[in-house]
Amino acid sequence: MSDNLPIDDEALIRLRHGEPADREKLADLLAADPSLRERLAEWDRQDAALATLYNPLADEPVPARHQDLLAAAARAPGWRFRWPERIAAAMAFLAIGTVAGWFAALHQMPGPAEADLATEAMRAYATYSVEVLHPVEVPASAASHLESWLSKRVGRPITPPDLSGNGFRLLGGRVLPDSQGTAALMLYENDLGQRLALYVAPAPAGVETAFRFAQSGAAQGFWWVDNRLGCALVGDLPHDALRKLSLSAYDQIDQT
Amino acid sequence: MTVLDEIETCIPALRRYAHALLRDREGAEDLVQDCLERAVARRTLWRGDGPVRAWLFRILLNRFRDVRRSAEGRAQLVPLDATVEPARSGGQEAHLDLREVHAAMGRLPFDQRAALLLVALEGMSLAEAARVLDIPEGTLTSRLARARETLRRMTGRAPAQDLVERK
């Protein structure tokens, strides 16, 4: 063995399924160690068996119902199809920092009720993000219950957005009183223990705002009103990270 | 290439993975259909900041977990892990017995099977598979090591020393 310590299976797996540089390193080790070669050969046999067993499924013709679904989506002239362009446009505007002007031209300025949304969200964040024992009433592990309960209480379909792509995992949710009715508060946490609060409350019809930024102490957030829902994402995070998370939440809420 | 096109090119791999994971033809096709429905409805979420394939596998696995969770109390799919018996053949054949491997895969705990199939069958790197499974790479690595070891034992592959002793 070329190293002083024997290589355990986990180290071997890191090399075998890692980056190209890892695989090069593995090749060097293999050249120097026949016993390692035998261990690797066993895994090669496993992979070959799995490929022989299951690859034929990938060669079968794709069932018609899968194809039909995609074909229907490609044809659909409905709102779903137009949304990607709108969102892409919104993102482009956000990226070049002209969002304020753009949205001001498109949408009316917020009234006091919508501005309250940010305040309420900040308050909820301040209260619950620091809670160690009972941050949420219903944990994310009871996902379907959480979803139906929040939807029922807020009176609108609420699906907690998946922010795990940005490293934030849903902890769960609770309901809170809001000036416009009942609000849902969803709490998220990342691996560093940083928390985010997504506050969603009913909004009056005919009101739409785009992303607005709010700050209160260390907490800051983005908020928006769309489709009769007021939403605010609050956390103690860098501005850019919050904006990215807010866009992700915005997209997902928009789909429901 | 539109997102829809990219989704379409992934269907064969999604089907292969779903079949190997669920080991039930009808259930696997339903899962793929569910996954595609969700992907199509949420394709605006995909922003080109990662491969479509990984995103689809994520949806598929999340969907499967949802289904499993809601089925709790009804059907129970509990893989056996504790009662692993080594298979009889102990040689160093160039190929493993396919039936043995298929049976052994069925006895792996779900998490191990899901992880192993991503890297061994779908050829994902550790980083990609960890993202798909939403677990740290270290967790994935130990999961893979356990899966490979269990598979080895169940397909009659003892370490070289054991083999000598057995003979």
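Me: How many bridges join strand 2 of chain A to strand 3 of chain A?
Reply: Nine. This is a predicted model. In it, strand 2 covers residues 169–178 and strand 3 covers residues 181–189. The two run antiparallel.

Me: What do strand 2 and strand 3 of chain A form, and what sits between them?
Reply: A hairpin, with two residues between the strands.

Me: Give me a pair to click on. What is the bridge partner of A:Leu176 in strand 3 of chain A?
Reply: A:Ala183.

Me: And strand 1 of chain A, in which sense does it pair with strand 2 of chain A?
Reply: Antiparallel, over two bridges. Strand 1 is residues 138–139. There, A:Val138 stands opposite A:Gly173 of strand 2. So strand 2 of chain A pairs with strand 1 and also with strand 3, by the rule that at least two bridges make a pair.

Me: Switching to helices. What span does helix 2 of chain A reach?
Reply: From first C-alpha to last, 19 Å. That is close to the 18 Å expected at 1.5 Å a residue. The helix has 13 residues, 20–32.

Me: Which residues of helix 2 of chain A are buried?
Reply: A:Leu26, A:Leu29 and A:Leu30. They cover an arc of only 100° around the axis, which puts them on the same side of helix 2 of chain A.

Me: Why would residues three or four places apart point the same way?
Reply: Because an α-helix has 3.6 residues a turn.

Me: OK, and which residues are exposed on the other side of helix 2 of chain A?
Reply: A:Ala21, A:Glu24, A:Asp28 and A:Ala31.

Me: What covers the buried residues of helix 2 of chain A?
Reply: The cover includes helix 1 (9–16) and helix 3 (34–59) of chain A.

Me: Chain B now. Where does B:Gln112 lie?
Reply: In helix 5 of chain B, residues 110–121.

Me: Is B:Gln112 buried or exposed?
Reply: Buried. Its relative accessibility is 5%, and the cut-off for buried is under 20%.

Me: Leaving aside neighbours within four places in sequence, what is B:Gln112 in contact with?
Reply: B:Arg143, B:Arg146, B:Ala147 and B:Thr150.

Me: Back to chain A as a whole. How many helices and strands?
Reply: Nine helices and seven strands. Of its 256 residues, 46% count as buried.

Me: What share of chain A contacts with a separation of 6 or more comes from residues 24 or more positions apart?
Reply: They account for 57%.

Notes
Residues numbered from 1 in each chain as written. Chains lettered and ligands numbered in written order. Predicted model: local features only at pLDDT ≥ 70, side-chain atom pairs only at ≥ 80, totals over all residues. Heavy atoms only, no water. Helix = DSSP H or I, 4+ residues; strand = E, 2+ residues; numbered from the N terminus. Expected span 1.5 Å × (residues − 1). Buried < 20%, exposed > 50% of the residue type's maximum accessible area, 1.4 Å probe, protein only. Arc of directions from axis to C-beta. Contact = heavy atoms within 4.5 Å.
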